Amino acid sequence: MPEQTVRIAPEAHAMMVSHAVQNVTTQVHGVLLGSFQGGEEEEGGDVNATPTLTITKAVPICHEAPTKPIVDMALLLIEKASPSEQQIVGWYTSNEVMVQNSREERPHAPALRMASIIGSQLECPRHGGGVLILVRNSGALAKLLVGPDDDDEDDTDLIHNAIQVLGKDSRKQWLQEFQTVESTSESWEQSNALAQSAGLKVQSGDIVIQDYVNMLEAPSVQWLENAALSKVIASKN
C-alpha cells in the first residue's frame with residue numbers, strides 16, 4: 001500500500017507553533033484544513049499516484065481540553081467560512097509542559113478522540129486519510145525558538161521533528177508517524193525558520209494568537225484569520 005505524503009503550508013506550520021507558544025503552560029487544540037491529490041483508483045484496481053494531503057491552514061480552537069459544544073460550534077463556523085476546495089482534514093494539539101523527553105511525548109485523549117471523529121467523517125482517496133499533528137512542547141518547541149547549539153546533531157534533529165504528523169495505525173490508534181512530511185515552501189528548514197520567527201514574535205507580544213475560546217470571551221476577536229501572522233509569513237517567504 002502506498003504511503004500518503006503530507007505537505008504543510010508555512011502559515012499552517014507557523015500557526016500551530018505560535019498557538020502552542022502563546023499557551024505554553026496549557027494544552028492547545030485546533031483544526032487542520034486542506035485537500036487531497038492523487039490516490040485515485042483506475043480500472044483493474046491500480047492506484048495512479050501516491051496520495052498527497054496538503055494542509056493549507058490551521059485554525060486555533062481552544063487552550064484547554066475541548067468540550068463538545070465548543071468543538072461543534074467552532075467546526076460549523078469553520079466549515080461555513082472555508083472555500084469549497086478545502087475540507088477539515090485533521091486536528092492539531094500541543095500538550096502542557098510536563099514530559100521532559102520529547103521522544104516520549106504523545107497526544108492526550110481529547111486530541112486522539114477528535115482525530116478519530118474527523119477521520120471517520122472524512123472524504124478522501126484510497127490509501128489517504130486524515131492526520132493528527134502534535135506540536136512537541138517538551139523541549140523541541142523551546143529549542144525551535146532559540147535555535148540549535150553549534151554542530152549539535154541532536155539539537156538539529158529535535159528542531160526538525162518539533163511537530164509530529166500522526167495517522168491511524170493497524171490498531172486504529174492515531175499514533176502511527178508519517179515518514180514523508182514536506183513543506184509547500186522551498187524546504188522544511190525554511191518552514192521551520194518561518195515558524196521560529198512567528199513564535200518569537202508571539203513571545204515578544206508582537207503577535208497575539210486568538211482562538212475560538214478567546215472569541216467567546218471577547219466577541220470582537222478575529223480567530224479565523226490572523227493578519228499579523230500572515231504578514232510575517234508573507235514578508236519572509
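Colleague: In which strand is the place of Thr5?
Modeller: This is a predicted model. The strand in question covers residues 5-8. Thr5 therefore has its place in strand E1.

Colleague: Is Thr5 buried or exposed?
Modeller: Thr5 has a relative accessibility of 12%. Buried means under 20%. Leaving out residues up to four places away in sequence, Thr5 touches Thr50, Pro51, Thr52, Leu53, Thr180 and Glu182. Because its relative accessibility is 12%, Thr5 counts as buried.

Colleague: Which strand pairs with E4 in the parallel sense?
Modeller: Strand E4 spans residues 87-94, and seven of its eight residues are buried. Strand E2 (residues 28-37) pairs with E4 over seven bridges, but in the antiparallel sense; there, Gly30 has Tyr92 of E4 as its bridge partner. Five bridges join E4 to a strand at residues 131-135, and these two run parallel. With Val131 as the bridge partner of Gly90, the parallel strand is E5.

Colleague: How is helix H6 set against helix H8: parallel, antiparallel, perpendicular or oblique?
Modeller: The axes of H6 (residues 188-204) and H8 (residues 227-236) come within 10 Å and cross at roughly 140°. Roughly antiparallel needs an angle over 145 degrees, and roughly perpendicular is 65 to 115. H6 is therefore, relative to H8, oblique.

Colleague: How many nonpolar residues are in the contact of H6 with H8?
Modeller: Leu194, Ser197, Ala198 and Lys201 of H6 meet Leu229, Val232, Ile233 and Lys236 of H8. By class, one residue in this contact is polar and two are charged, and the number of nonpolar residues is five.

Technical notes:
Residues numbered from 1 in each chain as written. Predicted model: local features only at pLDDT ≥ 70, side-chain atom pairs only at ≥ 80, totals over all residues. Heavy atoms only, no water. Helix = DSSP H or I, 4+ residues; strand = E, 2+ residues; numbered from the N terminus. Buried < 20%, exposed > 50% of the residue type's maximum accessible area, 1.4 Å probe, protein only. Contact = heavy atoms within 4.5 Å. Pairing = 2+ DSSP bridges. Axes fitted to C-alpha atoms, helices over the stretch in contact; angles between N-to-C directions. Parallel < 35°, antiparallel > 145°, perpendicular 65-115°, else oblique. Nonpolar A, V, L, I, M, F, W, Y, C, P; charged D, E, K, R; others polar.
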